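Thanks for asking me to look this one over. Here are my notes, point by point, for you to read with the structure open beside you.

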Number of protein chains: 2
Amino acid sequence: MTVEDQPQQLPKLAVIAREAGVSVATVSKALNGRSDVSAHTRRLVAEVLERRGYPRQRVRPARGSMVDVMLQALDSPYALAILGGVEDAAWRAGVDLVVSAVCDRTKHGQPPPAWLDRIGARDSAGVLLVRTSPTAAQRAWLADRGIPAVIVDPRRKPPAGLPAVASANVDGARAATEHLIALGHSRIAVVTGRPGVPCAADRLAGHRQAMAAAGLRADPRWEVCGYFQQDDALRATRRLLASLPHPPTAVFACSDSMAVGVYQALGEHGLRVPDDVSVIGFDDSWAAAHVTPALTTVRQPWPELGAAALTALLTDGGPGRIELPTELVTRSSTAPPRPS
Amino acid sequence: MTVEDQPQQLPKLAVIAREAGVSVATVSKALNGRSDVSAHTRRLVAEVLERRGYPRQRVRPARGSMVDVMLQALDSPYALAILGGVEDAAWRAGVDLVVSAVCDRTKHGQPPPAWLDRIGARDSAGVLLVRTSPTAAQRAWLADRGIPAVIVDPRRKPPAGLPAVASANVDGARAATEHLIALGHSRIAVVTGRPGVPCAADRLAGHRQAMAAAGLRADPRWEVCGYFQQDDALRATRRLLASLPHPPTAVFACSDSMAVGVYQALGEHGLRVPDDVSVIGFDDSWAAAHVTPALTTVRQPWPELGAAALTALLTDGGPGRIELPTELVTRSSTAPPRPS
């Protein structure tokens, strides 16, 4: 055994903490390779130990200046807008983004196994998962190596312990329905997203809150499911219109693409937007400004979600869930109801 | 000088070439660190030299399994579609993509200087530039290190020696105008893209070729500039309609977004599409299928462009320019002219 190989006495945690400018708990986490410690903090701790001659290998290796982004798919404007926000924050933080997507490479929509081989061959400072989440095995693998992960806009309930960044979907949906109520509507239908997706449940909850707060009954027959798809929303709205003696005076479509399906179904029934029926969407996608009439909707802060997720990944812990506010964007598809 | 430092006799190029399974010219390029040799080939050559005991440092280092993608911006569906194609090809090739964008970080729209610092700190197998091109200094830097570069969908004439991948813009535009001519149109206006952008010039050339081949005069008054922008196309079409005694019976808008501007201008003049005026676009963007009436257009093979560029980057040289075919997509915005 050479001199360099001899283990040395670990300095007291409090000493390391003071020199690194972090808490004792953080030092402890860093030494234990916990995933909720940022690359920056690990580096600070490692530097203190190095200055004090403590062998490097006893500390989790300081991660490199690379962050992995795994998107569910690269086929939606949302993916692009989120990625744009991540890229901007990464540029400012001086880290490189390694981008990949699940696409249809796995049946369950989670990252393929080969992904970890790739990450293992590099020095990843952390992992951002956009609209996808790691398998249990992948989570364990990342945690073992102290690689932090953050989920953006989760499509299923995030696994315990994994921070998530999302729009304030409940508040945004409540604002949408409140806007319709403020215009004088009371017969308000809602076209909901895919059951089981957290944001779909949140938006329905927000709608119901607004209805309840205004003393309006949220009749289950006025709640139909459009699965976040334009075609499904078209069919659901057709069924709604066929089953009711009187059409609603307003429809809250829980995504802009479903609002386009609602437009189509109303058109088929000879109902005009907003003269006969007001329609409000959710997302503020490119389509919203370009359909006729231009769609009133709730803007999701896509780039801000991406930027906040990257910042959460590179800084210590933070809250388990970050919600960013939405914004009501009023265009031409909502108006007071026709006097009855 | 130690034994390891002593230079050894370089094997004959022909010997290396035979053993590596490549041409003598390629070996020469590899040894000279030329940027038009793939990482794979450099590795093959390096392996032969290593087997023969030739010191490693005399050969360009074999590059890693990472490719850099620098996009002009992350704000268009085209950027996303190209990136999707690159990602898919990269996944299949087993290389990681490091993604960044110019955005508005430089005045000239070329990659910022800090980009090279980042690449220099890693082991980049090559560089894909989407709708941007390197500065002369950046090109020299990349060439010095033997890092190959390929430009996708160039917005300016690519620098000599840099391969480019683009749609067959001349052919695609000719097909667009031929479609209008086949329907019976002869008074065909064209709304062109930004002057100086290669694809804008190519599409105008394709339009003129089709007009000439049909014996139709391409009157300069029927050629207006929309700068690839919806608003500029709207204004240009307004001016066109105001200046002509009779409106054209068809308009070729050299991008889908400009076609939307043409729709607006025609609507202002009480002209219906396609009853009064046929309109054809170029791109097959998301908008094309969603405007009313749905837009006949020329599909650009975005994902294929991205995939072809990555393949060109990872394989040897290939042609200086790769053109991929476009496809005419017939929808509801084109019809025979109204009988006069």
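The points below go from the conventions to the chain interface, then to helix packing and a few local details.

1. Some housekeeping before the details. This is a predicted model, in which local features need pLDDT of at least 70, side-chain atom pairs count only at pLDDT 80 or more, and totals for chains, interfaces and linings use all residues. Residues are numbered from 1 along each chain as its sequence is written, chains are lettered from A and ligands numbered from 1 in the order in which they are written, and side-chain values use heavy atoms, with hydrogens and water left out.

2. On the chain A side, A:Leu80, A:Trp91 and A:Arg118 provide 29% of the area buried against chain B, more than any other three residues.

3. Next, the charged pairs. Side chains of opposite charge can pair when their charged atoms come close. A salt bridge here is a side-chain nitrogen of Lys or Arg within 4 Å of a carboxyl oxygen of Asp or Glu. A:Asp96 pairs with B:Arg118, with the closest N and O atoms 2.8 Å apart. That pair links strand β2 (residues 96-101) of chain A to helix α5 (residues 114-120) of chain B; helices (H or I, at least four residues) and strands (E, at least two) are DSSP runs, numbered from the N terminus. A:Arg105 also forms a salt bridge, with B:Asp88, and its closest N and O atoms are 3.0 Å apart.

4. Now to helix packing in chain B. Helix α9 (residues 230-243) and helix α10 (residues 256-268) of chain B have axes 7 Å apart and pack at about 40 degrees. Axes are lines fitted to C-alpha atoms, for helices over the stretch in contact, and angles run from 0 to 180 degrees between N-to-C directions. α9(B) and α10(B) are therefore oblique to each other; angles under 35 degrees count as roughly parallel, over 145 as roughly antiparallel, 65 to 115 as roughly perpendicular and the rest as oblique. Residues making this contact include B:Leu234 and B:Leu241 of α9(B) and B:Val260 and B:Leu266 of α10(B).

5. In chain B, the axes of helix α7 (residues 169-182) and helix α8 (residues 198-213) come within 7 Å and cross at roughly 40 degrees. α7(B) and α8(B) are therefore oblique to each other.

6. Finally, some backbone details. The peptide bond from A:Val273 to A:Pro274 is cis, with omega near 0 degrees, and A:Pro274 sits in the loop between α10 (256-268) and β9 (278-280) of chain A. In chain B, the bond from B:Thr292 to B:Pro293 is cis, with omega near -5 degrees. A:Cys103 has a positive phi of about 50 degrees although it is not a glycine.

Technical notes. Contact = heavy atoms within 4.5 Å. Buried area = accessible area lost by both parts, 1.4 Å probe.
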